[in-house]
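The sequence and structure come first.

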Amino acid sequence: MAILVSELSDVQLVRQMLAGDADAFEEIYDRKQPGVYRFALRMSGSENIAEDVTQEVFMALMRDGSQYDEQRGNLSTYLYAIARYRVLRFLEKDRAFVLIYDGHDNEDESLVNERFITDENLLADLAQDQIIEKVRQAILALPVHYREVVVLCNLQEMTYEEAAKVTGCAVGTVRSRLHRARSMLVKKLRGVKEPNEIKQISFSTRYAI
Amino acid sequence: MNCKDFEKVVSDLVLGHLIMAAKKTDALAHKENCARCASLFSKEKYLTPLLQMTTKAETTSAPAHVKANLLKAFAEEQAKISRSVYAPAKSSNFFAWKWAAVAAVILIAVLSVTTLRLFRSEQKTEPQQAENPNTNIEKKNNVNSTNENVEKVVKQESPQRKVEKNKVDNIARRGKNVNTTPRRKSVEPLIENANNNEATTDFIALTYMDEKSAIDNGMIVRVQVPRATLIAMGLPLNAAQTDGYVKADVVIGDDGVARAIRLVQDSSSTSETKIKTN
């Protein structure tokens with residue numbers, strides 16, 4: 001009885017893909033592509049870069065998939081690590097888009113790129129999608145090394161250990177960076193109402209009319 | 001628990017990650033007693049729903065053409081791999097052919113050298129064979145139309161013999177002119193034989209031979225002809241000496257008719273036959 005590729009684990013799919021199975025490759029793509037694409041999009045803020053990065057990540061898997069070692073981490077971690085490297089390369093090329101981390105880990109929050117910081121007085125009546133956009137912009141305004149831990153841990157919902165493998169840092173570093181990044185985000189998003197507040201506003205507005 | 005420890009677990013606390021129960025209790029207790037950590041906790045609690053909302057809202061994925069491109073690239077990559085897997089067999093065939101060609105060239109070279117050496121050694125041994133008449137002398141009687149007893153010497157053909165034969169042909173083609181013109185009557189300088197023991201004149205066409213009867217095949221027979229006979233035939237010999245025999249090579253065609261003759265002078269012989277050169 002033939003086993004469907006959808007029933008196979010990531011490791012089995014990689015083996016099948018390396019054996020030349022196009023269905024296995026397609027299944028891996030379908031499983032992992034959304035996360036990789038969103039990671040690239042959240043890190044870069046550019047759909048074009050996200051597309052390119054996604055394509056490059058799976059091309060790398062296709063060509064150098066034999067380098068994947070399941071003992072060192074799961075497939076997602078492997079792919080995110082490739083994606084992170086590619087994104088950083090793109091960001092270095094396109095410095096005008098966002099600021100690049102200058103290498104100082106104890107960076108002061110005042111040095112954060114102010115381009116994307118929201119005007120807190122204008123955000124009181126933002127709808128949900130506007131809030132989401134503001135959060136995205138705030139994340140994009142973070143230095144890269146803070147941004148990546150927020151994206152990985154908070155948006156991609158990775159564990160610290162997985163994020164540490166992707167970024168090549170110690171778990172403690174990830175934790176401390178995340179703590180600092182979240183503090184910076186709170187500062188940036190000050191004035192943005194919480195989701196339950198938005199519900200209350202929309203509820204009261206609806207009944208006021 | 002102090003503030004530093006609280007900072008480490010505050011995210012887990014807000015996000016609901018699994019932490020030890022005792023650690024969670026300590027953290028919550030610390031938050032109640034520390035205003036700074038309480039503020040931090042409230043900030044985290046404020047931020048977490050926003051981030052979760054953002055996460056849930058993002059359902060974007062890569063456009064379809066990315067997938068199409070990748071699947072196409074995968075097919076091309078596999079085709080390339082299959083070609084490269086086949087390539088070593090091709091290259092090994094190529095090298096096999098290459099080695100075979102090299103071996104063939106070496107073999108041809110060796111054969112060529114061997115053949116050349118054999119040919120040269122044959123050239124060297126032929127004059128010695130000519131010196132030893134027992135090996136290839138064949139006696140025949142009644143060759144000449146004059147029914148004289150002659151000694152026939154049949155020599156094997158060699159490059160030198162071929163040259164001589166060509167000369168005979170030329171002479172035969174010239175026909176009677178050989179004898180009529182002074183130039184034809186004159187005998188070419190003596191040809192030194194390979195063994196240097198005898199000298200010969202050029203071949204002289206016999207007078208009864210016409211141009212049409214030039215031969216393509218035939219043999220050269222060494223004979224001893226009475227001097228008087230040769231003088232009677234008009235060959236340029238000293239008419240004063242009519243006795244004795246003269247060595248001569250006679251060209252005999254396939255029909256048994258003598259076509260040309262040349263005189264042979266044994267340089268070692270004391271009773272030399274004088275040959276007129278003019």
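With which residue does Arg63(A) form a salt bridge? The partner is Glu77(B), and the closest N and O atoms of the two are 3.4 Å apart. A salt bridge here is a side-chain nitrogen of Lys or Arg within 4 Å of a carboxyl oxygen of Asp or Glu. The pair crosses between chains, running from helix 3 of chain A to helix 4 (residues 64-131) of chain B. Helices (H or I, at least four residues) and strands (E, at least two) are DSSP runs, numbered from the N terminus. Arg63(A) is partly exposed, with a relative accessible area of 48%, whereas Glu77(B) is buried, at 13%. Buried means under 20% relative accessible area, exposed over 50%, and partly exposed in between (1.4 Å probe, protein chains only).

**Basis and confidence**

This is a predicted model, in which local features need pLDDT of at least 70, side-chain atom pairs count only at pLDDT 80 or more, and totals for chains, interfaces and linings use all residues. Residues are numbered from 1 along each chain as its sequence is written, chains are lettered from A and ligands numbered from 1 in the order in which they are written, and side-chain values use heavy atoms, with hydrogens and water left out.

The mean pLDDT (the predictor's confidence in each residue, from 0 to 100) of chain A is 77, and 74% of its residues reach 70 or more. Within chain A, helix 3 (residues 47-64) has the highest confidence, at a mean of 91, and helix 9 (residues 195-208) the lowest, at 45. Contact means heavy atoms within 4.5 Å. Residues 198-209 of chain A also stay under 50, and for these the model has five contacts beyond four places in sequence.

**The interface of chain A and chain B**

In the model, 45 residues of chain A are in contact with 37 residues of chain B. The area buried between the two chains is about 3800 Å², and carbon and sulfur atoms give 65% of this. Buried area is the accessible area (1.4 Å probe) that two parts lose on being put together, summed over both. Of the area that chain A buries against chain B, 17% is supplied by His179(A), Arg182(A) and Val186(A), more than by any other three residues.

His179(A) sits in helix 8 (residues 171-188) of chain A. Not counting residues up to four places away in sequence, His179(A) touches Glu7(B), Val10(B) and Leu40(B). His179(A) counts as buried because its relative accessibility is 12%.

Helix 2 of chain A gives the largest share of the side of chain A that touches chain B, eleven residues. The residues on that side divide into 22 nonpolar, nine polar and 14 charged. In this grouping Ala, Val, Leu, Ile, Met, Phe, Trp, Tyr, Cys and Pro count as nonpolar, Asp, Glu, Lys and Arg as charged, and the others, Gly among them, as polar.

**Salt bridges**

Over all chains the count comes to 14 salt bridges. Some of them are listed here.

| Pair | N to O distance |
|---|---|
| Arg63(A) and Glu77(B) | 3.4 Å |
| Lys67(B) and Glu26(A) | 3.2 Å |
| Arg262(B) and Asp249(B) | 2.8 Å |
| Arg15(A) and Glu70(A) | 3.1 Å |

Arg15(A) in helix 1 (residues 10-18) and Glu70(A) in the loop between helix 3 and helix 4 (75-93) link distant parts of chain A, 55 residues apart. Arg15(A) is exposed, at 52% relative accessibility, and Glu70(A) is partly exposed, at 37%. Arg262(B) and Asp249(B) are both buried. Arg262(B) lies in strand 6 (residues 258-266) of chain B and Asp249(B) in strand 5 (residues 245-253), so the pair ties together parts 13 residues apart in sequence. Asp10(A), Glu27(A), Arg31(A) and Lys32(A) are joined into one network by salt bridges that share partners.

**A buried loop residue**

Met158(A) is in the loop between helix 6 and helix 7 (160-167) of chain A. With a relative accessible area of 6%, Met158(A) is buried. Beyond its neighbours within four places in sequence, Met158(A) is in contact with Tyr80(A), Leu152(A), Cys153(A), Ala163(A) and Val166(A). The C-alpha atoms of Met158(A) and Ser76(A) are 9.8 Å apart, and these residues are 82 residues apart along the chain.
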